Amino acid sequence: LPFIWQYEYTGDMDFLKDKTYPFLKELALFWADYLQEDDRGRLIVHAASYEGYQDINPSQDLGFIRRLFKALIAFSQILEVDRDLHAGWQSILDRLSAPPTTIYEGTTVFNHAETDAFLVGYTSDNLEFIHPGEQLSLGDDPAQLKMARETIRLQDAWAQGNNIPKIFVQAVRVGYPPEDFITPFKAEMQKNFRPNLTLWEA
């Protein structure tokens with residue numbers, strides 16, 4: 001992701017041509033080989049949503065893979081190269097599994113992986129396809145945005161330490177009511193940062 005952001009934020013064509021694009025192509029070769037087709041015709045990922053887990057289709061992996069192949073198509077158009085590879089990359093995007101969901105308290109929510117239980121108060125890795133993966137944002141499918149808001153509400157993970165850099169951004173990306181997360185945001189800032197915004201260290 002930082003390689004993609006480097007071009008998106010700077011417009012550095014030399015870095016895109018010489019570093020980012022070749023690196024992304026190598027990543028694409030890996031994923032094209034690693035992804036497996038299941039009996040439903042989907043491309044699936046065998047990986048881990050957390051340390052020590054063995055999962056099918058971790059949400060963050062799917063989001064980052066989708067981000068990779070979308071970026072490759074866009075960058076190849078900018079650089080005017082490899083148009084013959086577009087069909088293969090698009091085929092992967094078309095067949096890649098959707099982010100996993102489950103039912104929690106009668107509500108459909110985004111889950112960490114297809115084989116996990118929904119974890120309340122835990123890290124919001126299940127929403128990393130939203131941020132930093134940037135695969136769902138304001139203006140996208142209203143049903144998906146509503147599901148993401150319900151996921152955040154039911155997961156209730158504002159105070160989980162690893163979430164500070166991501167859950168508040170994820171909330172903004174999907175239109176979560178600001179009045180419902182400003183208070184926990186301020187609480188986390190006061191708890192974890194000194195008045196000069198340096199981080200408290202244990």
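**Ground rules.** I am working with a predicted model, where local features need pLDDT of at least 70, side-chain atom pairs count only at pLDDT 80 or more, and totals for chains, interfaces and linings use all residues. Residues are numbered from 1 along each chain as its sequence is written, and side-chain values use heavy atoms, with hydrogens and water left out.

**Entry 1: the cores.** I began with nonpolar cores (sets of buried Ala, Val, Leu, Ile, Met, Phe, Trp, Tyr and Cys residues joined through side-chain atoms within 4.5 Å; buried is under 20% relative accessible area, exposed over 50%, partly exposed in between, with a 1.4 Å probe and protein chains only). The largest has 24 residues, and Leu-35, Phe-69, Leu-72 and Phe-75 have the most contacts inside it. At least two residues each come from α1 (2-10), α2 (13-34), α3 (59-79) and α4 (86-95); helices here are DSSP runs of H or I, at least four residues long, and strands are E runs of at least two, numbered from the N terminus. With nine residues, α3 gives the most to this core. I then looked up Leu-35: beyond its neighbours within four places in sequence, Leu-35 is in contact (heavy atoms within 4.5 Å) with Leu-43, Ile-44, Val-45, Ile-65, Ile-92 and Leu-96. A second, separate core has 17 residues, including Phe-168 and Val-174.

**Entry 2: the pockets.** On a 1 Å grid over the protein atoms alone, I take a pocket as an open set of points where a 1.4 Å probe fits, with protein on both sides within 12 Å along at least five of seven lines; lining residues have an atom within 4 Å of a point. The largest pocket holds about 180 Å³. Of its 15 lining residues, Pro-99, Phe-129, Gln-135, Leu-136 and Gln-144 lie nearest the centre. Helix α3 gives the most to this lining, with three residues. The second largest pocket holds about 150 Å³. Among the residues lining the second largest pocket are Phe-3, Trp-31, Asp-61 and Ile-65, and α1, α2 and α3 each give two or more residues to that lining.

**Entry 3: Ile-152.** I found Ile-152 in helix α5. Ile-152 counts as buried because its relative accessibility is 1%. Setting aside neighbours within four places in sequence, I list its contacts as Leu-127, Trp-158, Gln-170, Ala-171, Val-174 and Tyr-176. I also checked Asn-126, which is 26 residues from Ile-152 in sequence and 9.9 Å away in space, C-alpha to C-alpha.

Methods:
Grid points are joined across faces, edges and corners, and a volume is the space filled by probe spheres set on the points.
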